[in-house]
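Thanks for coming, everyone. Let me put the structure up, and then I'll walk through it chain by chain and contact by contact.

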Amino acid sequence: MSAILDVRALTMRFGGLTAVKQVSFSAGAGEITAVIGPNGAGKTTLFNCITGFYRPSEGEILLHRAPGESIALQTLAGHRIAQAGVARTFQNIRLFAGMTALENLLVAQHNRLMASTGFGIGAVLGLSGYLKAERLAVERARHWLEATDLLARADDPAGALPYGQQRRLEIARAMCTEPTLLCLDEPAAGLNPRESEELSELLRVILAQGTSILLIEHDMGVVMSISDRVVVLDHGVLIADGSPAAVRADPKVIAAYLGEGDEDEAA
Amino acid sequence: MSLPAALKDAAIATAVAFGLFFMLVGLRTEAGPTGALVLRQRWGDVALLCAMVFVGRLIITLWHARRTAREPAATNRWEGTLRLLSRWFAPVLLGVAVALPWIPGIGRAELDLGILVLTYVMLGWGLNIVVGLAGLLDLGYVAFYAVGAYSYALLAQYFGLSFWVCLPLAGILAAFWGVLLGFPVLRLRGDYLAIVTLAFGEIIRVVIVNWASFTGGPNGISGIPRPSFFGLPFSMEGGPGTFAGTFGLEPSPSHRVIFLYYLIFALAMLTNWVTIRLRRQPLGRAWEALREDEIACRALGINVTTTKLSAFAIGAMFGGFAGAFFATRQAFISPESFTFIESAIILAIVVLGGLGSQIGVAVAAIVMIGGFELFRQFEEWRMLVFGAAMVVIMVVKPRGLVGTRTPTIALGEKRAISKDLVAEGHG
Amino acid sequence: MVRDSRRGTGLAYALQQLINGISLGMIYGLIAVGYTMVYGIIGMINFAHGDIFMIGAFISLIVLVLLSAGGMMDGPAAILLVLLISIAITGLYGWAVERVAYRPLRGSFRLAPLISAIGISIVLQNYVQVAQGARVKPTETVISGGVELMREGSFVVQFSYVQMLIIALTLAVLAIFTVLVTKTPLGRAMRACEQDRKMAGLLGIDTDRTISLTFVIGAALAAVAGTMYLLRYGVIDFYIGFLAGVKAFTAAVLGGIGSLPGAVLGGLLIGLIETFWSAYFSVQYKDVAAFSILVLTLIFLPTGLLGRQEVEKV
């Protein structure tokens, strides 16, 4: 298994508080890696470091986009990380509510489309290959709307969609940036069991199309059923890293979730 | 609400009104015979105002009660008719604007008003890019208007360049200032952004007022060259080489006015056309996405900095064009034309228009500027009513006249998006 | 550039500027507290607050003229009467403005309340202009004289009684105000609304009333500032609100918007900077100094000197 993402000794400090301490792990290419842990473990902080919303205090994050092509992410500005091939969704859905689903997906292809407008002026004047590029972009949008079963809602405002559809739209939008690595922040939150199953299906489809996935999740059902690898954080420290089965049986993980009470009882 | 309760409510309002008015209206300070201040009593005015408050409050309370009790079916019918009308509204308005100088009964005064209104429409459309589309609260837009005006005036004065050469230069200079002023404020949000842009606008005005050697100071710059008809001057003498002579017409001052009218009309239409085109392109969509959620934009790889700066720059450019037009129309400019109130008026026009809508901004400009001019004979009351109108309009229609946003692209049919979903933008 | 012929570079001159700057700064501080309170509780910049200060000054003027016509001008009782009436009426204006122009627009949208506030500012300025006339209003000196502190050559450093009154009164008012905010139920309600308005409402706090009272208190403080301004400078017009408002707002931002001690500190700093700038550099550009400080603070130190750091949650 080759790694798509290498996190090495990542540390994030906020003033006196160390939220993430010396965390190292690798996410495999073509795999789904889940990051789990009790609340306050530092999962979202880790995520924000990887996706460029925080600058880590120490450590390295390497994205292996292609054989021989690795990029260090820890010093890149937020939008450059997305341009490098890392896309993300958010815990509190951040769609462009006043724009339609289709418009949302076109905004995601902004950079590719901007390149075809000839510095903006050409397209305003009707020159350049913009129209063709836009048609292709709409096609890509259509593809992902179909994959997320949202084609019928393409022209509806994103803010008017029901919660489950909004979650899927956010994923579709992230996929329209053609990422190498897709980072999902609690994608199953608030979904009922049927929707969670559909989500797992969608993630498998995404995987099959060549994008690796890194996700934070609390829903153990989803995590255990689709992850290839599970990383466990507790109080900012990595306490386990392995296959779902191995992690589930790991006593340290159990202690972290259930508390230290068992020790007192045993003693 | 029952009538006794409404009466009681109106009585309380009147009591408050009395408390507000009895000193400031009732006792007017004036210079007395010795030069010191004396008080003139005006209880009649106080009584009148209180009566107006009483009646007004009563009417509003009762009307509100009536409206909430009305059936929703009636309001829907009203909305349907409105939507039908609005399809025809824009083309009709455009037609009237194009034909205005030729409509019988339209004289010099009306054309001047038309020019004024179109200038504000253009300024509104320019600011709409920054505030309406990109969601950046700019309270200092008048600065770019000033840059455009002074650029033309100074370039003409020092280098003798013609209007047509100076027009693009004024736009470029204004755009440059747009970037310069936009750069430091990129991280600011909402009200803070508004205040800093306000401060910038004021700083520029004070500098213009005080740097007399360069800008003419409070006296301004006069003798700014008038525009020519693409090289043919509008001379009153007629003869070859002038506009009247070349087209075989009797020389008349109205030629220049009509030309100016169509010039500002063309400039405004340019602003409108560019905006509509850009909205359908990645840049315009990025602006609107920025207004909706800046963080999501960043996560999608959009360079938020350049996107914001482009909004500032392009918006400023059109302000600059408008400024150059203003200078050539008046032939005289002074810092008094570029106060904060102007920025506030233009912002009010954009906000009143609603949701970045082009037609909304146009209607808002017509209503506000046209209305303001029509009340010219009321002198000092004008601004008071104007301010009150701003408050009333905002309270009644906080999102503006146009309540929906139309998407720029659709697989099927483009359907209007309600204002409840569209973000206002926080800068 | 206009230069004061008596301009000196000595210690006495500097001391005089210090006294002038502090008393001016107190006035700005009083107005700044109003801005910061309103911003803290509903997140809105009350654009019309400077004009409320102007209204306070005008009410004081009218009462003064009334009293002098009645021959009752002497003594601290007169000053007290002027203050109380001004506070009451100006407070009413603050209440009315909030009720009419801001309460209907309370929500998550920023633009509409901002335009509404600008509209009210225009209304208040022009209302006073129409009602009282556009000309500048001078008054005779009510309190004159002072204490001579130092003499350097022909330059006398004077700490006038008016300035003493300004400083003493401002400190007293701020002390009362601090007690109000920290010790009373109203103060607690205000702080609760500041933290989380919805929750405060759910816990039974009447948020509408709390917000109204916040505006009233802010207006009352502005009224005190207006009275002091009138006594100190002796001349007012309908436009003083705009400039004083911007400077006081700058003070609130400099001190950290939302922080009450910050507003006072900011006020003092702005007063001192403005006074020293006019004394040693140029009088013409002194307003630019205030605007520039505002810009620089917002760009480089947006949370101000005493404000809280805001971390945006992703």
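Buried residues account for 46% of the 427 residues in chain B. Keep in mind throughout that this is a predicted model.

Staying with chain B. Its secondary structure comes to 16 helices and six strands. Along the principal axes, the C-alpha atoms fill a box of roughly 75 × 75 × 50 Å. Now the contacts inside chain B between residues at least 6 apart in sequence: of these, 74% join residues at least 24 apart.

How is chain B divided into domains? Domain 1 covers 3–71, and domain 2 covers 83–344 + 365–396. Their C-alpha centres lie 39 Å apart.

Next, one helix pair in chain B. In general, two packed helices are described by the angle between their axes and the distance between the axes. Here the pair is α4, residues 108–133, and α13, residues 304–330, both of chain B. Their axes come within 8 Å and cross at roughly 165 degrees. Angles over 145 degrees count as roughly antiparallel, so α4(B) is roughly antiparallel to α13(B). The crossing of α4(B) past α13(B) is left-handed.

Who makes the contact? From α4(B), the residues include B:Ile115, B:Met122, B:Trp125 and B:Leu133. From α13(B), they include B:Phe312, B:Phe318, B:Phe325 and B:Arg329. Glycines take part too, among them B:Gly126 on α4(B) and B:Gly315 on α13(B). By class, the contact of α4(B) with α13(B) has 15 nonpolar, four polar and one charged residue.

Now chain A. Domain 1 of chain A is 1–85 + 180–267, and domain 2 of chain A is 98–178. The C-alpha centres of these two domains are separated by 28 Å. Ten residues of domain 1 of chain A are in contact with eleven residues of domain 2 of chain A.

Which helices supply the domain 1 side of that contact? α2 (78–84) and α8 (193–208) of chain A each give at least two residues. α8(A) gives the most, with four residues. The residues on this domain 1 side of chain A divide into seven nonpolar, two polar and one charged.

On to the contact between chains A and B. It involves 34 residues of chain B and 32 residues of chain A. On the chain B side, α10 (253–279), α11 (282–292) and α12 (294–299) each supply at least two residues. α11(B) gives the most to that side, with seven residues. By class, the side of chain B that touches chain A has 20 nonpolar, five polar and nine charged residues.

Then chain B against chain C. The contact takes 48 residues from chain B and 50 residues from chain C. Which elements of chain B each supply at least two residues to the side that touches chain C? The helices are α1 (3–24), α7 (190–210), α14 (340–353) and α16 (380–396) of chain B. The largest share, twelve residues, comes from α7(B). This side of chain B divides into 36 nonpolar, six polar and six charged residues.

Last, chain C itself. The domain assignment gives domain 1 as 32–238 and domain 2 as 246–306. The C-alpha centres of the two chain C domains lie 19 Å apart. Nine residues of domain 1 of chain C and 14 residues of domain 2 of chain C make up the contact. On the domain 1 side, α1 (11–42) and α5 (161–183) of chain C each supply at least two residues. α1(C) has the largest share of that side, six residues. The domain 1 side of chain C has six nonpolar, three polar and no charged residues.

One more helix pair, in chain C. The axes of α6 (residues 185–195) and α8 (residues 207–233) of chain C come within 10 Å and cross at roughly 105 degrees. The range 65 to 115 degrees counts as roughly perpendicular, so α6(C) and α8(C) are roughly perpendicular to each other. On α6(C), the contact residues are C:Leu186, C:Ala189, C:Met190 and C:Cys193. They meet C:Thr207, C:Thr210, C:Ile211, C:Leu213 and C:Thr214 in α8(C). The contact of α6(C) with α8(C) divides into six nonpolar, three polar and no charged residues.

That's the tour. Happy to take questions.

Terms used
Residues numbered from 1 in each chain as written. Chains lettered and ligands numbered in written order. Predicted model: local features only at pLDDT ≥ 70, side-chain atom pairs only at ≥ 80, totals over all residues. Domains from an automatic or database assignment. Buried ≥ 20, exposed ≤ 12 C-beta atoms within 10 Å, placed from the backbone. Contact = placed C-beta atoms within 7 Å. Nonpolar A, V, L, I, M, F, W, Y, C, P; charged D, E, K, R; others polar. Axes fitted to C-alpha atoms, helices over the stretch in contact; angles between N-to-C directions. Parallel < 35°, antiparallel > 145°, perpendicular 65-115°, else oblique. Left-handed = near helix turned anticlockwise from the far one by under 90°.
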